[in-house]
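Have a look at the model first, then read on.

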Amino acid sequence: MDGNKRWVSGDLQHPDRDPNRREFVAQGQEPFGSILSCIDSRVPPELLFDTGLGDLYVMRTGGEAVGPVVTGSVEYGPMTSGTPLVVVLGHQRCGAVEASYKSLRDGKPLPGKLEAIARALQPAYELAVRQGGADPVETMARAQVKLTAAALRSNQDLAPLVRKGDLAVVGAYYSLDTGKVEVLAGAPS
């Protein structure tokens, strides 16, 4: 979060982004965090947290949609190298969430494999419909973050690490307007 504060203020350090760091991590890695975020080109985790090479495992899917391969990718850091943090990072004005919302609302499937994203986001859609609100797409985007983080927190392989305090699974939301990341759920105490 300190890196995000630097991103918001423009006081960037650009850590771990030089040939020495590249050489240091060439033979191994021990990232301090894993980020599951959206594919959106405006939401690059390494930049908005002001991090560098070897600092983060990053998985990106449309609307933070998950399935077995994505879940396995999220599990990789905590289960193989003790990475103590997983962040599910949604964002403002998410195109994947908006397209999924409209598809599910109107009962019109998205083309090609995009329909798989809409189906993965259906629980967030249903929650957003129940919650209501002025902007149902933003409600759905936030719901997707919370649901995905909760599912990962209770995942049979990650839950024991969470219970022992070895892993925090945090849901967070990025503002395209301000650059600020807001923690929604799961912040360690």
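1. One term before we start: contact, or touching, means heavy atoms within 4.5 Å. Please also keep in mind that this is a predicted model.

2. Start with strand S1, residues 33–37. Five of its five residues are buried, so the strand is largely enclosed by the rest of the structure. The cover is on both faces: Gly33, Ile35 and Ser37 are buried on one side, and Ser34 and Leu36 are buried on the other.

3. What does S1 pair with? Strand S2 (residues 56–60) runs parallel to S1, joined to it by five bridges, and Gly33 stands opposite Leu56 there. Strand S3 (residues 85–91) also runs parallel to S1, with four bridges between them; here Ser37 stands opposite Leu89.

4. Next, pick out Val58, which sits in S2. Is Val58 buried, partly exposed or exposed? Its relative accessibility is 28%, so Val58 counts as partly exposed. Setting aside residues up to four places away in sequence, Val58 touches Ile35, Pro45 and Glu46. Take Glu46: Val58 and Glu46 are twelve residues apart in sequence, and 8.3 Å separates them in space, C-alpha to C-alpha.

5. Finally, go to helix H5 (residues 95–106), where you'll find Ser103. Ser103 has 5% relative accessibility, and because buried means under 20%, Ser103 counts as buried. Which residues does Ser103 contact, leaving aside neighbours within four places in sequence? They are Lys108, Pro109, Leu110, Glu115 and Ala118.

Note on methods
Residues numbered from 1 in each chain as written. Predicted model: local features only at pLDDT ≥ 70, side-chain atom pairs only at ≥ 80, totals over all residues. Heavy atoms only, no water. Buried < 20%, exposed > 50% of the residue type's maximum accessible area, 1.4 Å probe, protein only. Helix = DSSP H or I, 4+ residues; strand = E, 2+ residues; numbered from the N terminus. Pairing = 2+ DSSP bridges.
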